[in-house]
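Hi,

Here is the structure I promised to pass on.

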Amino acid sequence: MLDDIWVDDSVFALRPDFAVLAMTAHGLRNGPTDDRSRGWLKEAAEVEVQTAKIDAWKDAYRAFGAKPSRTRPSVDALTRRMPLPEINLAVDAYNSVSVKHALPIGGEDLDRYSGPARLVRATGDEPSEEALGQPEPGEVIWRDDIGVTCRRWNWRQVVRTRLTEETTNAIFLLERLEPMSLEELEQAGDELAALLRELSPDVSIARRVLTSGK
């Protein structure tokens with residue numbers, strides 16, 4: 001999967017500063033929220049909200065016609081939910097890193113994918129789950145061979161690929177815009193990998209950064 005992920009040129013044309021760190025984790029041992037992951041969430045909630053980074057995502061949403069006050073970028077929605085929600089160990093891990101760095105992060109079950117993940121501008125006829133509705137032409141979406149996996153860049157993911165307590169193989173998508181540096185993006189990836197290894201010492205982690213230059 002990791003080598004086959006791609007971002008369409010039309011997305012980079014919209015935001016040349018976009019980069020995504022894609023991370024796969026094989027052999028993950030997930031489970032319900034515990035005191036350890038509650039501690040991660042509590043620590044993240046104490047970090048001052050970095051509004052400049054969130055504002056960059058709001059601008060990106062406006063660029064393809066979305067209203068960020070109605071369908072908020074994931075990190076904007078998350079920072080408004082205090083205390084942070086408890087979902088499961090793996091989701092708690094990436095949500096804590098997301099809030100600390102004001103960085104949208106998606107986590108999904110690799111075994112529920114069909115074909116590679118790709119970030120594209122929608123044609124408007126992509127299959128999508130009823131609860132999410134149909135993407136609009138030009139909307140930025142993540143998708144696989146079956147259809148939409150996340151609408152409006154990182155607004156909301158489908159149920160099909162969500163991380164559950166039974167997930168053993170996962171992919172995480174850490175999405176960056178300026179003013180976040182590529183160095184901080186890599187640092188956030190390091191932090192997430194460390195938390196995943198704390199949960200699952202034998203987990204196999206691989207990663208790749210995609211930018212407009214490569």
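Which residue does Ala 19 stand opposite in strand 8? That would be Arg 176. Before going on: this is a predicted model, with local features needing pLDDT of at least 70 and side-chain atom pairs counting only at pLDDT 80 or more, while totals for chains, interfaces and linings use all residues. Residues are numbered from 1 along each chain as its sequence is written, and side-chain values use heavy atoms, leaving out hydrogens and water.

Now the sheet. Four strands form an open sheet in the order 3-8-2-9, with antiparallel pairing (strands are DSSP E runs of at least two residues, helices H or I runs of at least four, both numbered from the N terminus; two strands pair if DSSP finds at least two bridges between them). Strands 3 and 9 are at the edges with a single partner strand each, so one side of each has no neighbour in the sheet.

Strand 2 (residues 19-26) is joined to strand 8 by eight bridges, and eight bridges also join strand 2 to strand 9 (residues 204-211). On the strand 9 side, Ala 19 has Thr 211 as its bridge partner. Seven of the eight residues in strand 2 are buried (under 20% relative accessible area, 1.4 Å probe, protein chains only).

Last, the lining of the largest pocket: its residues divide into 14 nonpolar, seven polar and six charged (Ala, Val, Leu, Ile, Met, Phe, Trp, Tyr, Cys and Pro count as nonpolar, Asp, Glu, Lys and Arg as charged, the others, Gly among them, as polar).

Cheers

Definitions and conventions:
Buried means under 20% relative accessible area, exposed over 50%, partly exposed in between (1.4 Å probe, protein chains only).
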